[in-house]
Amino acid sequence: RRSTATTESRIARHRHAEMDAAIAAAERDAQLASNTAGSAAQQLVDWTEGEKSVIKNLEKLGAVIASDAFQQVNSAFVQQHRSVFEFTDENKFEYTALHEQYVELMEKTLVDLAKDVNMDELLSNLPGFMEARAHTEDPEGTGAYIDFLLSLTDFETFKNLMLMANMATTSRPVVAVVADSDAPLQTLDRTALPKVMVEQARALMQLSAEGASVEWKQAVLKKDEMLLETTTLNGVRYARLSMLIDLSVPHAVMCMLNMSAPDRNRWNQMADRVEVHRDERAGKVHDVVCTLHFKMPGVAKLIKSIPSKMTFRIAIEEDAPKPGHVRYVMAGWDLKSDAPSTSSMATLRVATLEPAGEGMCRLQTVDQQLQAAPEWMLTMWVGNNYAKQVKADVMRYKKHFGLA
């Protein structure tokens, strides 16, 4: 009987312990739910009536912008007039006239398709909404719609996008400088990339080598921060970038090149989504094939010939070319043929990340430029967009990992 009583007592205590644990867990869940609800309620309270109106109207506009009807109107205009634009620095009067027609057409189409949007109310409240400092993280996701509205009337944005639409319709194989050097490229050899890729990358590496007899022309210089140079060899244009990164080499690799990181979208804002098709490691070599789904700015979303996603193969090697450095080769890739892409938008890059003081590194890249694009387009993109994007990603990365 004592044994039975002892057993029953133990079972009772065990049940009580389970009940106490369940109650404690329920209390924690309730507290978490309460905190979440409180935070959400606070978020709603933060918005003024005018801001709520802006959000509502912008969301309706966003649905219209993404609709087939709106995109068809835009696409028809672009396809009809894109051939007028040439890759020169000259801005013809015809370009301005077409831009005015484009703005008028897009605005009319928006009004016709968004009849339930109060345009007067939106335009009245939008300036205050954009100036509100409390909502810089854009929790409602309205930033893309504002970006579209602002870029719609910008001539340079319009011209660049028409040029890109022109460029995207012309297939172009990636061309490499003919190189006779047998300089070892362990990154490529050990990842077994096709011979054509090895030759292309060897040529790019030669261009970036110390003592190379190549005349580079300065395009962008930001003191102690970034230097962009360009050159032309055998009719092919190249760009060389040197940029200071506020991260150590290992962290820079994680921030910029680790496509499989589960929280990558917390710091990298260039892509909405990353599909990893291959992720293999062999010693110090990392071989990745991935597709990046880009966040398209402004009216770029409306040009369907501009790819919203691109596939790359990235070969990364640690301790190359020196201990503590990282070298990588990034090339546009075709999944079906498992070979270098011959798309007009295909890219090729050879780069190194090297230590540059405590917690810092320098990114050195050599890229084969899109041959159809003028140098001013590259200068505008790298000087104004790419550098800012990298800086912003680094800041978010450091905040995410508590390095700030």
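Predicted model: local features only at pLDDT ≥ 70, side-chain atom pairs only at ≥ 80, totals over all residues.

The buried residues of α4 are Y95, L98, H99, Y102, V103, M106, T109 and L110. Seen down the axis of α4, these buried residues fall within an arc of 140°, so they line one face of the helix. The spacing of such residues can be understood from a general rule: an α-helix has 3.6 residues a turn, so residues three or four places apart point the same way. On the other side of α4, by contrast, F93, E100, E104 and K108 are exposed.

Turning to the protein chain as a whole, its secondary structure comes to 11 helices and 10 strands, and 41% of its 404 residues count as buried. If we consider contacts between residues at least 6 apart in sequence, 64% of them join residues at least 24 apart. The chain exposes about 22100 Å², of which carbon and sulfur atoms supply 52%.

What lies inside? The largest nonpolar core has 39 residues, and M243, I245, I314, Y328, L353 and L363 are those that touch the most other members. Helix α10, residues 249–257, gives the most to this core, with 6 residues. Leaving aside residues up to four places away in sequence, I314 touches M259, H286, D287, V288, C290, Y328, V329 and M330. Apart from this core lies another, of 27 residues, among them V78, L110, L126 and M162; L110 is also one of the buried residues of α4.

Notes
Residues numbered from 1 in each chain as written. Heavy atoms only, no water. Buried < 20%, exposed > 50% of the residue type's maximum accessible area, 1.4 Å probe, protein only. Helix = DSSP H or I, 4+ residues; strand = E, 2+ residues; numbered from the N terminus. Arc of directions from axis to C-beta. Contact = heavy atoms within 4.5 Å. Areas by Shrake-Rupley, 256 points an atom, 1.4 Å probe, with all protein chains shown as cover. Core = buried A, V, L, I, M, F, W, Y, C linked by side-chain atoms within 4.5 Å.
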